[in-house]
Structures are given as C-alpha cells and as structure tokens.
Amino acid sequence: MKKHNFLPSVLGVLLAACAVSAHADPIGLDVSVGLVNIRPDIKSPVVGADATNEVVPIANFTYYLSEHFALNTAAGITRHEFSNAGGILGKASMAPFHLMAQYHFMPKADFRPYVGVGIHHTVFFKQSGPAFNGLEDFRRIPVPSCRRGSAIR
C-alpha cells in the first residue's frame with residue numbers, strides 16, 4: 001500500500017490562500033499565482049503501476065462577468081514518471097485544463113466564497129519510455145474512410 005504525504009497538499013492550500021492577485025473591481029480579470037499538487041491515482045491491477053506526485057506553480061485566471069458571476073481557468077504543466085515493480089514504464093507531461101462557471105456569494109468581502117460547476121480535460125504530451133513507445137506506431141496506422149455510396153471490403 002502506498003503511503004501518502006499530505007504536506008504538499010497542505011502547503012498548496014496555504015499558498016493558494018495567500019496567492020498574489022490583481023483584481024479589477026467588480027467586473028474584470030483576476031490573475032493569481034499559486035501551487036497545485038497533482039497526485040495521479042492509477043488503479044491498474046494488471047501492471048501494478050504507480051506515478052510520481054508533482055507540486056508545480058500554476059496561473060489562475062478568473063474573469064468576472066458581473067459582481068456575482070465569473071468564469072475561471074488555470075494553466076500549469078506537470079511531468080510524471082510511471083513505474084511498477086519491474087522498473088520505469090515511462091514519463092509523460094500533463095496539462096490539465098478546466099473551465100468553471102462560478103457564483104460568488106459575497107463579491108465585495110475580503111473572503112469571497114463561491115460555488116462552481118465546470119468541465120475538465122487533461123492533455124498528455126512528451127510521452128517517452130517503454131509503455132509509450134508502441135503508441136507512436138499505433139497512431140500512424142491509416143484508417144480507411146467511408147464515403148456515401150461506397151463500401152469497405
């Protein structure tokens with residue numbers, strides 16, 4: 001069983017609470033910087049894989065549409081190493097993107113709680129190592145196309 005170290009998560013929360021920001025009041029762009037802790041949770045009973053945890057700087061952008069409504073996104077890139085008992089499986093970089101709509105309850109207060117809903121997508125790139133080497137060949141396989149009135153044999 002993997003032992004979890006919660007210190008990076010606690011440090012990230014504290015730094016996010018003290019993030020440097022420039023806020024245009026009440027409508028405008030709020031830019032802040034902080035740290036994010038990326039902790040991949042790999043569930044693979046077949047290979048028993050694990051991934052490194054990373055704490056990286058992140059830029060956070062919130063655009064206020066009104067006093068109460070805002071859109072939020074962030075930018076940050078992490079590099080993870082994947083391994084199992086047999087050794088290193090490979091490395092990959094990740095760029096997690098999200099877009100979140102927020103409703104701020106107390107927009108003029110120093111402490112501004114909000115609720116949000118959004119979408120998230122992670123892009124993987126710069127993949128290397130034995131686990132990823134076969135993927136490059138897989139992507140190059142031509143896919144037959146279908147046109148109206150023709151058949152694939």
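The side chains of T78 and H80 are joined by a polar contact of 2.8 Å. A polar contact is a pair of N or O atoms within 3.5 Å; within protein, one atom must be able to donate a hydrogen and the other to accept it, and residues adjacent in sequence count only if both atoms are side-chain atoms. The structure is a predicted model, in which local features need a pLDDT of at least 70 and side-chain atom pairs count only at pLDDT 80 or more, while totals for chains, interfaces and linings use all residues. Residues are numbered from 1 along each chain as its sequence is written, and side-chain values use heavy atoms, with hydrogens and water left out.

T78 lies in strand β6, which covers residues 78-84. Helices (H or I, at least four residues) and strands (E, at least two) are DSSP runs, numbered from the N terminus. T78 has a relative accessible area of 3% and is therefore buried; buried means under 20% relative accessible area, exposed means over 50%, and partly exposed lies in between (1.4 Å probe, protein chains only). When neighbours within four places in sequence are left aside, T78 is in contact (heavy atoms within 4.5 Å) with I38, E54, V56, A92, S93 and M94.

A59 and T73 stand 14 residues apart in sequence, and their C-alpha atoms are 8.7 Å apart in space. Apart from residues up to four places away in sequence, A59 touches S32, T73, A74 and A75.

The largest nonpolar core has five residues in all: A51, F82, A92, M94 and F132. Such a core is a set of buried Ala, Val, Leu, Ile, Met, Phe, Trp, Tyr and Cys residues joined through side-chain atoms within 4.5 Å. F132 touches F82, G90, K91, A92 and Q127, not counting residues up to four places away in sequence.

Aromatic rings form another group. Rings of Phe, Tyr and Trp (its six-membered ring) pair if their centres lie within 6.5 Å; planes under 30 degrees apart count as stacked, over 60 as edge-to-face and the rest as tilted. By this rule there are two aromatic pairs. Y103 and F105 form an edge-to-face pair, with 5.5 Å from centre to centre and 80 degrees between the planes. F69, Y103 and F105 make up one aromatic cluster. Y103 is partly exposed because its relative accessibility is 30%, and F105 is partly exposed at 44%.

The whole chain contains two helices and eight strands, in the order α-β-β-β-β-β-β-β-β-α along the sequence. Of its 153 residues, 20% are buried. Among contacts with a separation of 6 or more, 50% come from residues 24 or more positions apart.

Confidence in the model is given by pLDDT, the predictor's confidence in each residue, from 0 to 100. The chain averages 74, and 67% of the residues score at least 70. Over residues 13-24 the pLDDT stays under 50, and the model has 17 contacts beyond four places in sequence for them. The pLDDT is also below 50 over residues 145-153, a stretch with three contacts in the model beyond near neighbours in sequence. Where pLDDT is low, the predicted coordinates should not be read in detail.
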